[in-house]
Each structure stands twice: as structure tokens, then as C-alpha cells.
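Here are a few friendly notes to read alongside the model. Please keep the structure open as you go through the points.

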Amino acid sequence: MFDIGLKEIHIGKAIDKRREDLNMTKTEFGRQIGIRQQHVNKIFENESIETGKLVKICHILNFNFFTLYCNLPNVSANLSSIALGDGNAQNIIGDTAIASQLELQKQKIEDMAENKEILKDQIETLKSQVKLLESTLLSKDNIINDKDYLIKMLKEKD
């Protein structure tokens with residue numbers, strides 16, 4: 001039989017451990033997933049869980065419990081630190097940290113795109129102002145030149 005690399009885990013215990021790691025009370029956990037207090041302990045006792053409920057729990061506890069079921073390749077700390085850009089090979093980086101860094105980078109890109117559009121608008125406004133100033137300067141030059149011409153003509157008449 002082909003080994004697809006699935007692990008046997010007790011999902012309820014894993015959920016409870018993550019909840020404890022986050023210092024979340026059972027009451028708060030139950031409130032966030034929308035179940036009564038007496039049903040919270042049943043989740044922690046169960047070896048399996050309905051997929052939709054596990055997805056909701058993943059979001060609430062900010063952890064992908066589905067990764068516990070499979071053997072994922074190990075990523076060295078060097079590669080992880082390079083991916084995060086901090087160069088510290090001593091970092092222990094998990095899914096949550098990487099997802100957090102990706103979200104930060106995504107937000108920076110969105111902010112930069114927004115700033116780019118603002119700067120484009122400002123450039124267009126400045127171009128319009130330059131054209132207006134050039135036009136005004138040309139008009140004033142024409143007035144000065146016409147004035148000099150008129151003065152010259154008046155002097156010649158006298």
C-alpha cells in the first residue's frame with residue numbers, strides 16, 4: 001500500500017493545547033465558535049471533528065490544524081529567515097509567523113500602490129500648474145515687449 005504520509009492525531013487535544021497556549025478560556029473559546037460551555041469539553045475529548053467546524057476553529061485560534069495530519073517537509077531556519085528577510089537563522093518560524101509576515105508585505109504593497117496613484121495625481125496637477133505659469137510668463141513678456149515698442153514709437157514721434 002502507498003504511504004501518503006498521514007498522521008494519526010487526537011485533534012481535540014491539539015485544539016485544547018493551542019487554546020491554552022493562547023491563554024484563552026474555555027468560555028471564550030466556546031463563545032467564539034458559537035457553542036455552549038458544556039459542549040466545549042466534548043470538542044477537546046474527540047479524536048475527530050467535522051471539517052467545517054475545524055476550519056472555524058483554525059480561524060479563531062489562528063492555527064492551521066489540517067497541517068497536523070500530514071508530514072510536511074522541513075524547512076531550514078536559514079531558508080525561513082531569508083524568506084522573512086530578517087537574516088536571522090536562529091528564528092523558529094511557524095505557519096502563523098509566515099502568514100503574518102506575508103500579510104504585512106501584502107499591506108505594504110497595497111499602500112505603495114495607493115501612494116503611487118496619489119503621486120500620479122500630484123504630478124498631473126503640478127504639470128498643469130507649470131503650463132499655467134509658462135502661459136502667464138509668456139503673456140507678461142509680451143506685455144513688456146509691447147510696452148518697450150510703444151515707448152520707442154512715442155520717442156520717435158517727438
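1. Phe63 has 25% relative accessibility, so this residue counts as partly exposed (buried is under 20% relative accessible area, exposed over 50%, partly exposed in between, with a 1.4 Å probe and protein chains only). Phe65, by contrast, is buried, at a relative accessible area of 1%.

2. The model is predicted: local features need pLDDT of at least 70 and side-chain atom pairs pLDDT 80 or more, while totals for chains, interfaces and linings use all residues. Residues are numbered from 1 along each chain as its sequence is written, and side-chain values use heavy atoms, with hydrogens and water left out.

3. How many aromatic pairs does a search of the whole structure find? There are two (ring centres of Phe, Tyr or Trp, the latter by its six-membered ring, within 6.5 Å; planes under 30 degrees apart are stacked, over 60 edge-to-face, the rest tilted). Phe63 and Phe65 form an edge-to-face pair, 4.9 Å centre to centre with 70 degrees between the planes.

4. Helix α3 (residues 37-45) has Val40, Ile43 and Phe44 as its buried residues (helices are DSSP runs of H or I, at least four residues, numbered from the N terminus). Seen down the axis of α3, these fall within an arc of 95 degrees, so they line one face of the helix; the arc is that of the directions from the helix axis to the C-beta atoms. Their cover includes α1 (11-21), α2 (26-33) and α4, where contact means heavy atoms within 4.5 Å.

Methods
Helix = DSSP H or I, 4+ residues; strand = E, 2+ residues; numbered from the N terminus.
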